[in-house]
Amino acid sequence: MKPYCGRLFTADELQTIRDLIETHPSASRAQLSRQVCVLFQWRKPNGALKDMTCRVAMLRMQADGLFSLPAARGCPPRPPKYLATTATDPQPVLTDPVHELPPLRLCQVAGSAHSRLWNEYIARYHYLGYTPMAGSQSRYFVFAGEHLVALLSFGASAWKLAARERFIGWHEEQRQRNLPLVVNNARFLILPWIQSKGLASKILSLVQRQLPNDWLTRYGYRPVLMETFVETPRHRGTCYQAANWIKVGQTTGRGKKCPTTKPILPIKDIWLYPLHKNFRSILCR
């Protein structure tokens, strides 16, 4: 069995996908991914097919040499470069402490215009840059009154983390079944001209309360645990600590498909925040 996009595929299932591709040579990649979801009952908690996630999984299977997908139809989309525009130019420095700012509010990214703007800010100012996320996700603009001060995103959790698994105490079957109840804080950007003491932890406290309801509205279920990774020594995770997140260990630095036991990626601290008082019993069901 091999994991792709949060799901384990058996040898029989991989053969089923090969047979489906061979018997439907005129089918598009989108049609094939929808059919795979129907065959394997791969659905979101709200009942919708996870066809976009399935398409990403099938592309990764192709990259691993498991089969060949039909050619993409039409002109292949070019990855956006998000060249800087005046919309994301630096603004005057704001140094007021958080208790002197107007009330904070989280605004979910909705629509293509907002999505492009969010992506441009992240590409321009976040040290990791912009990369698209597959699967369930939620992105936010954070405003203090009318001033944009920060941006965040949440998406699928890491497939395996030894320190996290020890903290939760679940076994392999429970992890595979309940992993969608864990969400990952993939990006957190305080805009560089915003220098407001206490702002980051205040934002985290706000999102800890709002995100479960937003996730329920969009996907039909509430996550019970959040995770994030803090690259050390670049960052210390002070804002997560101030917002009552728990540091449970570090990554190995080997990544998902590392061919060696030696670290090839930066070591990162693993921080977790329970969203439900009974998160362990829920995740270990």
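Before I start on the sheet, a note on terms: I call two strands paired if DSSP finds at least two bridges between them. Helices (H or I, at least four residues) and strands (E, at least two) are DSSP runs, numbered from the N terminus.

**Ground rules.** I'm working with a predicted model, where local features need pLDDT of at least 70 and side-chain atom pairs count only at pLDDT 80 or more, while totals for chains, interfaces and linings use all residues. Residues are numbered from 1 along each chain as its sequence is written, and side-chain values use heavy atoms, with hydrogens and water left out.

**Entry 1: the sheet.** I looked up the strand order and got an open sheet of 7 strands, β3-β4-β5-β6-β7-β9-β8, with mixed pairing. At the edges I found β3 (104–108) and β8, each of which pairs on one side only. On average, neighbouring strands here are turned by 30° against each other, direction ignored. For angles, axes are lines fitted to C-alpha atoms (for helices over the stretch in contact), and the values run from 0 to 180 degrees between N-to-C directions.

**Entry 2: β4 and its partner.** I checked β4 (residues 138–144) against β5 (residues 147–156), and they pair antiparallel over 7 bridges. Ser 138 has Phe 154 as its bridge partner in β5.

**Entry 3: β9.** Which strands pair with β9? I found β7 (residues 225–231), joined to β9 by 7 bridges and antiparallel, and β8 (residues 246–250), also antiparallel, over 4 bridges. Glu 231 has Lys 268 as its bridge partner in β9, and Ile 246 has Leu 272. I also noted that β9 (residues 268–274) is mostly covered, with 5 of its 7 residues buried. Buried means under 20% relative accessible area, exposed means over 50%, and partly exposed is in between (1.4 Å probe, protein chains only).

**Entry 4: the cores.** A nonpolar core is a set of buried Ala, Val, Leu, Ile, Met, Phe, Trp, Tyr and Cys residues joined through side-chain atoms within 4.5 Å. The largest one has 64 residues, and Phe 188, Leu 191, Leu 211 and Leu 283 touch the most other members. Helix α7 (residues 199–219) gives this core its largest share, 9 residues. Apart from it I found another core, of 19 residues, including Ile 21 and Phe 40. Back to Leu 211: beyond its neighbours within four places in sequence, it is in contact (heavy atoms within 4.5 Å) with Tyr 140, Phe 154, Val 183, Pro 223, Met 226 and Leu 275.

Entry 5: Where does Gln 41 sit? I found Gln 41 in the loop between α2 (29–40) and α3. Gln 41 is not a glycine, yet has a positive phi of about 50°. Gln 41 is exposed, with a relative accessible area of 52%. Asn 244, not a glycine either, has a positive phi of about 75°. I found Asn 244 in the loop between α8 (238–242) and β8, exposed at a relative accessible area of 58%.
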